[in-house]
Amino acid sequence: LVLANRLTEDPNVSVLVIEAGGNGLGNVNISDISLVGAAWGTDIDWAFPTQPNYYANNRVLSPGPRGKVLGGSSAINGDVYERGDAIEYDQWETLGNSGWNFNSLFNASKRGEQFYAPGANENIDYDLADHGTTGLLPTSYGGTAPEFHNTVIQGVVNAGGVESQDQAGGNVAGISHVTNARLPSNSTRSTSATGYYFPYSYRPNLQVSLYSTVTKINWASISRVSSGQAVASGVEYVDSNGNTQTANATTVILSGGPWGTPPILERSGVGNTTLLTSLGIQTVVDLPGVGENLNEQPLVPMQWQLNTSLPCPGSPFLLNVESLQTTLGGNVSKLESLLNAQPEGLSTELWNLHQRLYEQEGPWVEGYIYLASPADGPSTLTWYPVNLHPLSRGYVVSPISRIDDVFLIVIVKHIVSSDGLEYPEIQYNFFQNPLDLYIMAAAAQRVQQIVSTPPISDWIAAPVAPAAGVSSIDDLSEFIKENFLYTNHIQGTALLAPREIGGVVDTNLKVYGTQNVYVVDASVIPVQPAAHTQATVYALAERAAGLFTGAK
């Protein structure tokens, strides 16, 4: 919808967005931010099933939520809006993607942001220079920080961490409050639909087809295909009545996300020719990187009961981000030995990129901190350590969609059949690389260290999970395998990278081997940001719009 909005600022450009869900209007599970998570498993959630995790005791995680509604996952996610670190974004360019770096993404991100600064009494530090104020997407901190947050911040500092004024400007190291995609006047969620579509739905050159699912791309000419430059003529989709339709277009832009875009490409003949042949699909472009390199950040909830009940209405998010050197306190010999072994399923270039992130002491571990106060009884402190840069890689193999006409925006990973309405097979491969589990266990130890440091320790009554005495790397590793969750920050399955290292799109986001098919969604992200994903995706879309329109 960001692209659809920016493209149709030119009245001579027509866009059709094909959305598999409805418009979401009137759905409180979208608008009411206190109901985060309530939409999961409802009719506006794709609820993708995933495969058992072989490296984590074959655990099957709950279905992965993805927005099946206008606005996509911006309508049902956790609402956090934060940018990653400059070190990470600059690695995009180091990988071979000229022009994709912190400065270009930061400027694009600020272009889309409409930041509402907190009031003087809200107990939140910020730097206005790190935010955009004239964009279409409202962001804010979401409320007054409780006094207990000062206790947590001081505890982190006393344990060797640092406090950050504002993580939005490219230096995310430290503990601070982060913004949400939220309009503060009524505390309602901001989505790509509320910011970029509904106020502009009057445009005659901006059309939306709801309850329609794209099944594949149509190609203009087999002769052009055989020359190695496939030309799309549009897409095929199933409409709200179950009828197969065709939308013609001069340009096709896929925006199906990491679980949606690869299946459309594969059903259209773009992918690993061995897989396509096995499913009876004619290869149009042999592109083995499609659906590979699935990258997801694991987290695990750790909880303590406090010795009192604390008020925490509308609390903003508090995050602590650290390098591995800080998390491990300099005890890095085992970590370095694991990091120096090339991981299975990871290209040499991506492996080297992770080594550079470590050498530059880039952010690697996040702590997401949540205070809850039940109606009766003491409050609880929950701390979720997150491995921001796992080396394990999964894959995805079937459907979803979205499109435009002139600019065809499509939403739908590896397919398991040529059926356009079948769900893909999704395998995270969590902890395939032993380094990932070791980092999670070390991060859990670090959280235990921080919580046992005054003044936080003065408020702790007892640990809830893990139980008292579970503190060794081995014991915490077992706890993590049985209790870890995903963050819903999936990316990388249509990689922005040179073709020879597994890339799917070039620096213009055009699919290799095609003349007019593009991907603009989280599946192209080559390096996980030390952040919740949506701010990076908005920045990606704004920069893509600039590439298409020539806007700076």
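The model is predicted, so local features are taken only at pLDDT of at least 70 and side-chain atom pairs only at pLDDT 80 or more, while totals for chains, interfaces and linings use all residues. Residues are numbered from 1 along each chain as its sequence is written, and side-chain values use heavy atoms, with hydrogens and water left out.

Glu296 is buried, that is, under 20% relative accessible area with a 1.4 Å probe and protein chains only. Even so, Glu296 has no salt bridge (a side-chain nitrogen of Lys or Arg within 4 Å of a carboxyl oxygen of Asp or Glu); the nearest side chain of opposite charge, Arg66, is 6.0 Å away. What the Glu296 side chain does have is a polar contact with the side chain of Thr487 at 3.1 Å, and it also reaches the backbone nitrogen of His489 at 3.0 Å. A polar contact here is a pair of N or O atoms within 3.5 Å, one able to donate a hydrogen and the other to accept it; residues adjacent in sequence count only if both atoms are side-chain atoms. Beyond four places in sequence, the contacts of Glu296 (heavy atoms within 4.5 Å) include Pro390, Tyr428, Phe430 and Gln528.

β9 (residues 232-238) pairs with β10 over 5 bridges, and Tyr237 stands opposite Gln245 in β10.

How values were computed: Buried < 20%, exposed > 50% of the residue type's maximum accessible area, 1.4 Å probe, protein only. Lys, Arg positive; Asp, Glu negative; His and termini not counted. Pairing = 2+ DSSP bridges. Helix = DSSP H or I, 4+ residues; strand = E, 2+ residues; numbered from the N terminus.
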